[in-house]
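I opened this notebook to keep track of what I looked up, one topic at a time. The entries follow the order in which I went through the model.

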Amino acid sequence: MASQRALLPRSTPAASGVSSRAIAALLDRLEAASIECHSLMVVRHGHVVAEGWWAPYSAERPHLLYSLTKSFTSVAVGLAVSDGLLSLDGRVVDVLPDHVPDDLSAQASRITVHQSAVDDGRPPRGQPRRRLGARTR
């Protein structure tokens with residue numbers, strides 16, 4: 001755990017300009033709304049100013065994150081787009097040419113950065129939405 005702490009140094013809320021009362025109020029609101037949390041970490045200016053876990057979870061217990069990776073990736077894509085490094089209309093195969101498998105289908109080669117970042121289940125632009133179970137000819 002020590003190496004993880006070095007990556008994110010700890011500080012107090014007050015030292016980072018965060019109200020301890022606001023953090024306590026957040027916790028109270030989560031409880032009042034019956035929102036089931038597993039953990040919470042508040043980071044400000046690169047320092048962890050509050051962290052905690054709800055039983056049975058803990059810092060040492062591995063935790064499945066499922067779709068959280070998609071959220072981080074979408075934020076990174078958004079930052080890259082705003083910096084002019086990526087275009088949402090660009091094809092993923094053009095952005096990552098060294099990672100394209102030899103057997104990639106023509107359909108997969110048309111996937112755009114937008115589609116991969118959003119992945120909302122919609123068909124590519126200009127293609128009709130298919131009903132679940134509908135057959136194509």
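**Entry 1: the salt bridge of Glu51**

I began with Glu51, which forms a salt bridge with Arg10, the closest N and O atoms of the two being 2.8 Å apart. This pair links distant parts of the chain, since Glu51 sits in strand E2 and Arg10 in the loop between H1 and H2, 41 residues apart. I note here that the model is a predicted one, and that every value below is computed from it.

Strand E2, to which Glu51 belongs, covers residues 47–53.

The reasoning rests on the cut-offs, because buried means under 20% and exposed means over 50%, with partly exposed in between.

**Entry 2: the other salt bridge**

How many salt bridges does the structure hold? I find two. Besides the pair already described, Asp94 forms a salt bridge with Arg91, with the closest N and O atoms 3.0 Å apart. For Arg91 I looked up the relative accessibility, which is 34%, so that Arg91 counts as partly exposed.

**Entry 3: the protein as a whole**

I stepped back to the overall layout, which has six helices and two strands. Read from the N terminus on, the elements run α-α-β-β-α-α-α-α. Of the 137 residues of the protein, 12% count as buried. The protein exposes about 11,100 Å², and carbon and sulfur atoms supply 56% of that area. I also looked up the contacts between residues at least 6 apart in sequence, of which 43% join residues at least 24 apart.

**Entry 4: Ser16 in its loop**

Next I turned to Ser16, whose place is in the loop between helix H1 (2–7) and helix H2 (20–32). Is Ser16 buried or exposed? Its relative accessible area is 8%, so Ser16 is buried. To see what surrounds Ser16, I set aside its neighbours within four places in sequence, and the residues then in contact with Ser16 are Ser11, Arg44, His45, His47 and Val49.

**Entry 5: a nonpolar patch**

On the surface I noted a nonpolar patch formed by Leu7, Leu8, Met41 and Val43, which together have about 370 Å² of accessible area. One of these residues, Val43, is found in strand E1, which covers residues 39–44. The relative accessible area of Val43 is 43%, so Val43 is partly exposed.

**Entry 6: the span of helix H3**

At 1.5 Å a residue, its 15 residues should span 21 Å, and the end C-alpha atoms are 21 Å apart, which agrees. Just after H3, Gly84 takes a positive phi of about 80°.

Ser109 is found in helix H5 (residues 106–109), and with a relative accessible area of 19% Ser109 is buried; the cut-off matters here, because buried means under 20%. A polar atom of the Ser109 side chain lies 2.6 Å from the backbone oxygen of Ala106. Neighbours within four places in sequence left aside, Ser109 is in contact with Arg91, Val93 and Leu104; I recall that Arg91 is the salt-bridge partner of Asp94.

Gln115 lies in helix H6 (residues 113–118) and is partly exposed, with a relative accessible area of 22%. What does the side chain of Gln115 reach? The answer I found is the backbone nitrogen of Thr112, at 2.8 Å. Gln115 and Gly90 are 25 residues apart in sequence, and their C-alpha atoms are 9.9 Å apart in space.

Technical notes
Residues are numbered from 1 along each chain as its sequence is written. This is a predicted model: local features need pLDDT of at least 70, side-chain atom pairs count only at pLDDT 80 or more; totals for chains, interfaces and linings use all residues. Side-chain values use heavy atoms; hydrogens and water are left out. Helices (H or I, at least four residues) and strands (E, at least two) are DSSP runs, numbered from the N terminus. The expected span of a helix is 1.5 Å times one less than its number of residues. Patches are made of residues with over 30% relative accessible area and no salt bridge: like charges are joined within 9 Å, nonpolar side chains (Val, Leu, Ile, Met, Phe, Trp, Tyr) within 5 Å. Accessible areas come from the Shrake-Rupley method with a 1.4 Å probe; for residues, only the protein chains shown count as cover. A salt bridge is a side-chain nitrogen of Lys or Arg within 4 Å of a carboxyl oxygen of Asp or Glu. Buried means under 20% relative accessible area, exposed over 50%, partly exposed in between (1.4 Å probe, protein chains only). Contact means heavy atoms within 4.5 Å. A polar contact is a pair of N or O atoms within 3.5 Å; within protein, one must be able to donate a hydrogen and the other to accept it, and residues adjacent in sequence count only if both atoms are side-chain atoms.
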